[in-house]
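Visitor: I have not seen this structure before. Please walk me through a few points in it.

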Amino acid sequence: MSEDLTPLAPTATLSERLRAEIEAAQKTMKAAHAKATLRAYASDWVSFCEYCEERNFEALPAHPDVVALYLERQAREGRKTSTVGRRLAAINRYHRDAAIAPPSARDAAGTIATMLKGIRNTYGSKVQQKAPAEVDVLTSMLATIEGMGLRAVRDRAILAIGFASALRRSELVAVQCEEMSFVNSGLRIFIPRSKGDQGAQGTTIAVPNGRSIRPVNLLRHWLHQAGHTEGPVFRRLTRSDALTDAPMTDKSVARLVKAAAAAAGFDPALYSAHSLRAGFLTSAAASKASLFKMKDHARHKSLDTVAGYVRDASLFDDHAGDEIL
């Protein structure tokens with residue numbers, strides 16, 4: 001028998017073996033949730049515990065009525081209905097982790113469910129989507145970043161690649177040099193894991209060289225100027241524009257988009273890092289790109305999501321009022 005397959009030493013008790021198996025199983029179960037979700041749950045649980053402590057309520061186990069009161073307070077303070085729902089999920093999860101039936105399962109009167117319905121009817125509203133940075137908007141934003149200094153070269157590259165790749169901002173700052181390959185037609189980027197790929201199967205997307213924005217060319221300029229061939233592609237710079245080994249954060253991408261939008265004369269409040277991804281899809285829809293190609297490139301699970309961009313881009317095409325207005 002190989003050394004790797006040697007069973008636990010005879011001196012190990014059954015309880016020790018069982019404990020090791022349970023710990024391994026718990027670690028695997030935790031992988032079912034993305035790290036970002038677990039961080040959000042932890043923050044949600046702290047919020048709930050603070051609420052209970054201020055009112056002398058017990059947080060664990062929590063009474064369903066207390067949970068309902070907490071959720072209503074969250075909605076009244078301006079939390080989105082999706083956030084309220086996530087906070088309920090976090091409360092239920094922390095109860096299950098403590099081997100206690102979650103409040104929703106002990107809510108015989110249906111108080112929590114009724115409260116959620118009331119919150120949706122009272123506080124629910126249309127999600128405020130950020131404006132897409134379409135081709136003309138992106139071009140104007142890029143034009144505001146002048147010079148050939150390290151920061152200017154990096155910022156132009158990340159805006160252009162963020163748009164052309166349609167990557168989520170967390171994916172964009174996570175791209176590694178080793179995951180990219182330049183080919184005659186442009187650039188191939190391997191995405192090892194993403195929001196829609198929790199199984200970590202990974203996928204490869206293509207970024208064409210382009211003729212107007214030329215994203216691949218801007219990326220080459222950045223890599224040549226920065227001089228690194230390993231690790232994070234888009235790196236943080238010091239205040240004196242010295243290169244560091246640390247990747248940019250997704251929040252720094254959001255700040256860059258807002259700053260470039262403001263410099264180009266647009267309202268920065270309307271733009272975010274997601275504007276790059278949305279801008280690509282909106283522009284692709286306006287150019288009559290294939291719905292299936294858009295879905296594959298953006299890695300959306302459903303065609304319905306992509307179809308929304310197409311509907312927005314074609315609202316005035318063959319309009320029913322063209323001949324009568």
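This is a predicted model: local features need pLDDT of at least 70, side-chain atom pairs count only at pLDDT 80 or more; totals for chains, interfaces and linings use all residues.

Visitor: Is Asp155 buried or exposed?
Guide: Asp155 lies in helix H7, which covers residues 150–165. Its relative accessible area is 9%. Buried means under 20%, so Asp155 is buried.

Visitor: Which side chain does a polar contact join to that of Asp155?
Guide: Leaving out residues up to four places away in sequence, Asp155 touches Ile145 and Leu256. The polar contact asked about has a length of 2.9 Å, and the side chain it joins to that of Asp155 belongs to Arg154.

Visitor: Which element gives the largest share of the lining of the second largest pocket?
Guide: The second largest pocket has a volume of about 700 Å³. Elements that give two or more residues to its lining are H7, strand E3 (203–208), helix H11 (274–286) and helix H12 (291–298). The largest share is five residues, and it comes from E3.

Visitor: How many residues of the lining of the second largest pocket are charged?
Guide: The lining of this pocket is made up of 25 residues, and those nearest its centre are Ala164, Pro208, Phe280, Ala284 and His297. Of the lining residues, 13 are nonpolar and eight are polar. The number of charged residues is four.

Note on methods:
Residues are numbered from 1 along each chain as its sequence is written. Side-chain values use heavy atoms; hydrogens and water are left out. Helices (H or I, at least four residues) and strands (E, at least two) are DSSP runs, numbered from the N terminus. Buried means under 20% relative accessible area, exposed over 50%, partly exposed in between (1.4 Å probe, protein chains only). A polar contact is a pair of N or O atoms within 3.5 Å; within protein, one must be able to donate a hydrogen and the other to accept it, and residues adjacent in sequence count only if both atoms are side-chain atoms. Contact means heavy atoms within 4.5 Å. On a 1 Å grid over the protein atoms alone, a cavity is a set of points where a 1.4 Å probe fits but cannot get out, and a pocket is an open set with protein on both sides within 12 Å along at least five of seven lines; lining residues have an atom within 4 Å of a point. Grid points are joined across faces, edges and corners, and a volume is the space filled by probe spheres set on the points. Ala, Val, Leu, Ile, Met, Phe, Trp, Tyr, Cys and Pro count as nonpolar, Asp, Glu, Lys and Arg as charged, and the others, Gly among them, as polar.
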